[in-house]
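Trainee: I have this one open for the first time. Can you walk me through it?

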Amino acid sequence: MSSWGRLAAALRGAVGGTRALRTAALRRAVGPAVVGSVLGTGLVIYHRCRVSERPASTVFAAEEQEAPTPQLSPRKMRFIQFASVVYEQEPYMTPRDFLYSIMLENVDRKLQKRVLTAQEVNSMLRTASGAKPSTDLFRAWGDNGLISYTEYLFLLTILTKPRTGFRIAFQMLDVDGNEQVDKKEFLKLKKIIGSSKARVATAETAEDGEAVSTSLQAYFFGKKGENKLKYQEFHRFMEDLQAEVQEMEFLQFSKGMDTMRREDFAEWLLHYTNEEDNEIYWENMRKKIPAGQSITFEEFKAFCLFSNNLEDFVFSMKMVTGANRPVGMAQFRRAVKIATGHELSESVLDTVFKLFDMDGDNCLSHKEFMGVMTDRVLRGLKVQPQSGISGYWKCVKRETLTGAKEALGHGWCPI
């Protein structure tokens, strides 16, 4: 009984100590209350921001008593959204799905994904292994093909990376210097390029299901994977894919015509962008760009070549201007020529400058223009969810609009 008495006394002492601490803490809380209020408000904003970034399908652990689902990268979410088939419990895109994913901002996937059989997959691989190079390869395959997640990242990279970058990557894996790579080496190359582009976790690419042969592998190495891929063939594939997507985008925004109106070209430029000054750009388009003037497909392709060489353009701009100051058309033209070896047409240059001339001085803001171009090239997948203390403050600034322009303008990182 004496031990129970001592235990009760100890508990009473602990409770009394806790009350004393609470009283002292209450007295000390008067001064920091303002700071606490600011931080508390920030935390509420940050919580709202983080909740809005979660996929709609997220289930809270408190409700289901399950471990929280890891947050997917924007590219992984987009892949799942557009993937229309499933094989061995893994989602896959068809070539049509891939083209849709780069042409459309969203897709309505109310129908259940189609589950493929082994016979259907074998038929797809036979079709791919016998296909010939062309600039309508993916359109010809349609739904008769299989594209994995890392291949999706790999193909996105092909659309945006200068060809010199692929030459270097190819040579790194070509150990004996014979200008050819086998299937095993290609899978390494694909993961290196895909991972560097998406900046995704290793676990995300590891669960891709690479044990399953895909249409791209069958096209490069044959149905059984015994063929070798030569660099000339790889280079031809890259050029054909870029040409196919450029042709589709041109036809989409030209409404199927042989030429694209300048206002259609401006609309293409602003597609996938979500910048703070978008409304100003649209107003510039309506007021400054004359109707009835057109841009040819060759002029459009030249601009696409420029957009795939943004890193070199930034470097040449620093050489020409010395700083990120507003630039005139002559300086811009010179920088493009240095970066790509080609010149942009007068129609394209005039459209770009009238669109991004913010104050009517016949110059464009290098920083804002590059922000729009990066969004354009990355097809709306630039913004990554923020976490930690830096993400907290960025979210607060964005929600209060105080630092919105800074948050959107900085952090440009080409692919």
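Mentor: A term to begin with: buried means under 20% relative accessible area, and exposed means over 50%. Also keep in mind that this is a predicted model.

Trainee: Fine. Which residues in α18 are buried?

Mentor: Phe332, Ala335, Val336, Ala339 and Thr340 are buried in α18. They cover an arc of only 110° around the axis, so they lie on the same side of α18.

Trainee: And what is exposed on the other side of α18?

Mentor: Ala330 and Arg334 are exposed there.

Trainee: How many residues does α18 have, and what follows it?

Mentor: Helix α18 covers residues 329-340, which is 12 residues. From first C-alpha to last it reaches 16 Å, close to the 16 Å expected at 1.5 Å a residue. Gly341 follows α18, with a positive phi near 80°.

Trainee: Switching to α8. Which of its residues are buried?

Mentor: The buried residues of α8 include Tyr149, Glu151, Leu155 and Thr160. The count is 12 of the 12, so α8 is largely enclosed by the rest of the structure.

Trainee: What span should α8 have?

Mentor: At 1.5 Å a residue, its 12 residues should span 16 Å. The end C-alpha atoms of α8 are 17 Å apart, which agrees.

Trainee: Now the largest nonpolar core. Which residues touch the most other members?

Mentor: Phe98, Leu155, Phe234 and Phe237 do, in a core of 47 residues. Helix α8 (residues 149-160) supplies the largest share of this core, eight residues.

Trainee: What does Leu155 touch?

Mentor: Leaving out residues up to four places away in sequence, Leu155 touches Phe98, Phe138, Ile147, Leu216, Phe237 and Leu241.

Trainee: And which residues does the second core include?

Mentor: That core is separate and has 38 residues, among them Ala266, Ala335, Leu344 and Phe356. Ala335 is also one of the buried residues of α18.

Trainee: Last topic, the sheet. In what order do the strands come?

Mentor: The order is β2-β1-β3, three strands in an open sheet with mixed pairing. At the edges are β2 (90-92) and β3 (114-115), each pairing on one side only.

Trainee: In which sense do β1 and β3 pair, parallel or antiparallel?

Mentor: Strand β1 (residues 85-87) pairs with β3 in the parallel sense, over two bridges. Val85 stands opposite Arg114 in β3.

Definitions and conventions:
Residues numbered from 1 in each chain as written. Predicted model: local features only at pLDDT ≥ 70, side-chain atom pairs only at ≥ 80, totals over all residues. Heavy atoms only, no water. Core = buried A, V, L, I, M, F, W, Y, C linked by side-chain atoms within 4.5 Å. Buried < 20%, exposed > 50% of the residue type's maximum accessible area, 1.4 Å probe, protein only. Helix = DSSP H or I, 4+ residues; strand = E, 2+ residues; numbered from the N terminus. Contact = heavy atoms within 4.5 Å. Pairing = 2+ DSSP bridges. Expected span 1.5 Å × (residues − 1). Arc of directions from axis to C-beta.
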